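Here are some notes for a first look at this structure. Please read them with the model open.

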Amino acid sequence: MSDETTTGTKASPGGGEQRVVIVGAGMAGVQTAVALREQGWTGEIVLLGEETHQPYDRPPLSKAVLLGKADGSTLDVDFAGLGIGLRLGVRVTGLRADKRLVETGAGPVPYDILVIATGAEPIPLPGTEGVPGVHLLRTLDDAERLRPVLARQREIVVVGAGWIGAEFATAAREAGCAVTVVEAADRPLAGALPAEVAAPMTAWYEDCGARLVTGARVTSVDEDGLLLADGTRLRAGAVVVGIGARPATDWLAGSDVELAGDRSVAADDRLRTSVPDVYAVGDCASFPSARYGTRLLVHHWDNALQGPRTVAANVVGSRTAAHFPGAVYDPVPYFWSEQFGRFVQYAGHHSEADELVWRGDPAGAAWSVCWLREGALVALLAVGRPRDLAQGRKLIERGARLDRTRATDPSVPLKSAVR
């Protein structure tokens, strides 16, 4: 248990205006607190964070912080000025919804309204806990431990060719490290993109001077490197694991908060949980999307920025309006990734059944892919074509139908391909 640090307002014992307690001081938690004030909440706000650092942004961790170009990415929020009680170094251990209490290592914290914003935690590689030289990359402390590894230009093996693996490999190559990326699937980004879209990205690794080994299952890891199932031994001064993340919801075990099969909090379309006056937002929460006809779990920065505004609207509206219908959360998901000298953006959500339409040559520096469902644009991946992304995102929001022939022509603005 870390020491507790508090700024802003303190807990008001027994009564007074209602108190919102937010568990998690990452982007989603901080933005919820700020949005509550912006939307007129005058009651108490308590923000609980497990880390001892001031709340910070995560995207720079895999880039500027790793390379020593920035010491951190502290969020520019005046917590005291906004009357937000920020408590750092507080580990939350459970929820007693019947008593409206959050259990922590520092004692119970009462709430009137609770917002769960505990984010996600990296999935460790089985058998690597406690092995020297094995790293995860999720927190500021993780990045600071890895920074001297890159500075010494160590030989590095990255396990996982997903978004975080590619971004770390990019930073490590920029630092002058020899990098090998091993991936259990037959291609990078296997869980996110179909084979024909991910195939061109395979060449990016070689172009950057990194070695990519696919179809490679790790059987053991020690301080000198790792062993693959086919008997290949890879030496490494450091092993970085980037095989995904899962919702940080273990602390809700035994509570009445319903979890989905992926262990995310099963929020409704207003980001309410199964427990009255308890909301969930960000990487830890999934929500039903009428737009896509499925439940979405979105582990990306934009979701942690947009969702809090809906939570704040529903918290404030439920307390100030006699017949408040509630604000619905059904965004067009969006994320970006900077890797191997390319700016990759994605908007929407696609399924295997959706029609895939190419815009441009995937062997080139700039191209896009559209996914159509009954002619309507539902998702778009843009590599070096930010205008396609900007226009496509608006078209997805409108449910616009595209002329397939015009959509395949990269010289035609996407907005001009609307039927």
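1. The UniProt record, an unreviewed entry, places the feature "domain: Reductase C-terminal" at residues 334-417. Over residues 334-417 the chain is 20% helix and 39% strand. The end C-alpha atoms of this stretch are 21 Å apart. Keep in mind throughout that this is a predicted model.

2. Arg359 lies in strand β25 (residues 355-359), and Asp388 lies in helix α6 (residues 386-398). The pair therefore ties together parts that are 29 residues apart in sequence. Are the two partners buried or exposed? Arg359 has 0% relative accessibility, so Arg359 counts as buried. Asp388 is buried too, with a relative accessible area of 3%.

3. Some salt bridges share partners. They join Arg100, Asp277 and Arg319 into one network. How many salt bridges are found in the whole structure? The search finds 20.

4. Glu50 and Arg91 form another salt bridge, with the closest N and O atoms 4.0 Å apart. Both residues sit in loops: Glu50 between β3 and β4, Arg91 between β4 and β5 (92-96). The two are 41 residues apart in sequence, so the pair ties those parts together. Glu50 counts as exposed, because its relative accessibility is 52%. Arg91 is partly exposed, with a relative accessible area of 46%.

5. Glu103 forms a salt bridge with Arg96. Here the closest N and O atoms are 3.4 Å apart. At 35% relative accessibility, Arg96 counts as partly exposed.

6. Now turn to helix α1, residues 27-38. This helix has twelve residues. From its first C-alpha to its last, α1 reaches 16 Å, close to the 16 Å expected at 1.5 Å a residue. Just after α1, Gly40 takes a positive phi of about 100°.

7. How many of the twelve residues of α1 are buried? Ten are, which leaves the helix mostly covered. Among the buried residues are Met27, Gly29, Val30, Leu36 and Arg37. What covers the buried residues of α1? The cover includes strands β2 (19-23), β3 (44-49), β4 (84-88) and β8 (113-116). Helix α5 (301-320) is also part of the cover. As background, residues three or four places apart in an α-helix point the same way, because there are 3.6 residues a turn.

8. Look next at an open sheet of five strands. Its order is β10-β17-β11-β12-β13, and the pairing is parallel. Which strands stand at the edges? They are β10 (134-136) and β13 (211-214). Each has a single partner strand, so one side of each is left without a neighbour in the sheet. Neighbouring strands of this sheet are turned by 20° against each other on average, direction ignored.

9. Three bridges join β10 to strand β17 (residues 238-241), and the two run parallel. Within this pairing, Val134 has Val239 in β17 as its bridge partner. Helix α2 (residues 140-151) lies across β10, β11 (156-159) and β17. The helix runs at about 130° to β10.

Definitions and conventions
Residues are numbered from 1 along each chain as its sequence is written. This is a predicted model: local features need pLDDT of at least 70, side-chain atom pairs count only at pLDDT 80 or more; totals for chains, interfaces and linings use all residues. Side-chain values use heavy atoms; hydrogens and water are left out. Helices (H or I, at least four residues) and strands (E, at least two) are DSSP runs, numbered from the N terminus. The expected span of a helix is 1.5 Å times one less than its number of residues. Buried means under 20% relative accessible area, exposed over 50%, partly exposed in between (1.4 Å probe, protein chains only). Contact means heavy atoms within 4.5 Å. Two strands pair if DSSP finds at least two bridges between them. Axes are lines fitted to C-alpha atoms, for helices over the stretch in contact, and angles run from 0 to 180 degrees between N-to-C directions. A salt bridge is a side-chain nitrogen of Lys or Arg within 4 Å of a carboxyl oxygen of Asp or Glu. UniProt positions are given in the numbering used here, feature names are shortened, and annotations may be inferred rather than shown by experiment.
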